[in-house]
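Please keep the sequence and the three-dimensional view at hand while reading.

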Amino acid sequence: MITCLNCGESFEGNFCPNCGQKSTVQKITVPVLAEETFHFFTHLEKGFLYTTWNFIIRPGQTSLNYLAGKRKKYQKPISYFLIWTGIYIIIHNLVVNHYHYQLTELSLVAYNLRDHANALLRKHFTLFLIPLVIVSSLIEYLLLGKPRFNFPEIVAVSIFGGGTYFMMLLVSDILFGAVLKVDILSTDVFLWQAILSSLYNFWFSFDFFKRIHLRYFWVRLISGAMLTALIGWVMLEYLPIAWIQLENLI
Ligand SMILES: [Zn+2]
């Protein structure tokens, strides 16, 4: 019998049946730290990159696996989203600073509210995308998801989708900004990013909902995609304006 060093349970075997800790806990030494570091990266690679790849090529099947309880091989949604947005923000700023890209609207002395709002949107794109993920989840839930899935389930898979989208933006920034030397803060690149989001969103919901055999599948899918694009456009148009007006009030 072994006594678990974490919770005090007495047991036989390799893992504590009560808390899951390994029975062999080593004293912390340099080799142990080195091994742990190695394990962290190899494990991250398996779980994290595996999750990313699966959400690109089969987002629907991967989401259904995750919801059905196959959780161990995937990164959890919130940490997945935060890791990709974190890397995206760092690389995006590096590319922008290194190649001296700048928002032309911000350099003008007198610009109107709309240009100001647009500049604000592109500067804080990550922040504006979060309410968009929630709203698009609500549309998908009402039009396609319920009653089979509950709203938090749709939000969880949408957060995976949001993280994967930031990975795509990261690749796009490197390709356009660093390789092709295109100003990644320009309106054209922004338009491309909007198109990319619609395409990926459509691919994601198609691959997800085609597997659960809904009645009027195409009507629901297409109206969901159109509604998401429309509401997304309205939100990205007016949220920054609301922000500026709120700022002016304070
Ligand atoms: Zn234990």
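## The loop between H8 and H9

His 213 lies in the loop between H8 and H9, where helices (DSSP runs of H or I, at least four residues) and strands (runs of E, at least two) are numbered from the N terminus. The phi angle of His 213 is near 50 degrees, a positive value in a residue other than glycine. His 213 is exposed because 7 other C-beta atoms lie within 10 Å. By the rule applied here, a residue is buried if 20 or more other C-beta atoms lie within 10 Å of its own, exposed if 12 or fewer, and partly exposed in between, with C-beta atoms placed from the backbone.

## Basis and confidence

The model is predicted; local features need pLDDT of at least 70, side-chain atom pairs count only at pLDDT 80 or more, and totals for chains, interfaces and linings use all residues. Residues are numbered from 1 along each chain as its sequence is written.

The mean pLDDT (the predictor's confidence in each residue, from 0 to 100) is 86 for the chain, and 94% of its residues reach 70 or more.

## Overall architecture

Nine helices and two strands make up the elements of the chain. From the N terminus on, their order is β-β-α-α-α-α-α-α-α-α-α.

The radius of gyration, taken over C-alpha atoms, is 22 Å for the chain, whereas a compact globule of 250 residues would have a value near 18 Å. That globule rule is 2.2 Å times the number of residues to the power 0.38. Along the principal axes, the C-alpha atoms fill a box of roughly 75 × 50 × 40 Å. Buried residues account for 24% of the 250 residues. Of the contacts (C-beta atoms, placed from the backbone, within 7 Å) between residues at least 6 apart in sequence, 64% join residues at least 24 apart.

## Nonpolar cores

A nonpolar core is a set of buried Ala, Val, Leu, Ile, Met, Phe, Trp, Tyr and Cys residues joined through C-beta atoms within 7 Å. In the largest such core, which has 16 residues, Trp 84, Phe 160 and Phe 166 touch the most other members. Helix H3 (77-98) and helix H7 (151-179) each supply at least two residues of this core. H7 provides the largest share, seven residues.

Leaving aside neighbours within four places in sequence, Phe 166 is in contact with Trp 84, Thr 85 and Tyr 88. Apart from this core lies another, of eight residues, among them Ile 139, Leu 144, Phe 204 and Phe 209.

The expected span is 1.5 Å times one less than the number of residues. Ser 197, Asn 201, Phe 204, Ser 205, Phe 208 and Phe 209 are buried in H8. The buried residues of H8 pack against H2, helix H6 (125-145), H7 and helix H9 (217-249).

The 33 residues of H9 reach 46 Å from first C-alpha to last, close to the 48 Å expected at 1.5 Å a residue. Its buried residues are Leu 221, Gly 224, Ala 225, Thr 228, Gly 232, Leu 236 and Pro 240. These pack against helix H5 (113-123), H6 and H8.

## Individual residues and loops

Asp 183 is placed in the loop between H7 and H8 and counts as partly exposed because it has 17 C-beta neighbours inside 10 Å. Asp 183 and Val 96 are 87 residues apart in sequence but 8.2 Å apart in space, C-alpha to C-alpha. Phe 125, in helix H6, is likewise partly exposed, with 17 C-beta neighbours inside 10 Å. Between the C-alpha atoms of Phe 125 and Phe 190 there are 10.0 Å, at a sequence separation of 65 residues.

The loop between H6 and H7 contains Pro 147, and the peptide bond from Lys 146 to Pro 147 is cis, with omega near 0 degrees. In the loop between H3 and H4 is His 100, which has a positive phi of about 55 degrees although it is not a glycine. His 100 counts as exposed, since it has 7 C-beta neighbours inside 10 Å.

Conventions
Contact = placed C-beta atoms within 7 Å.
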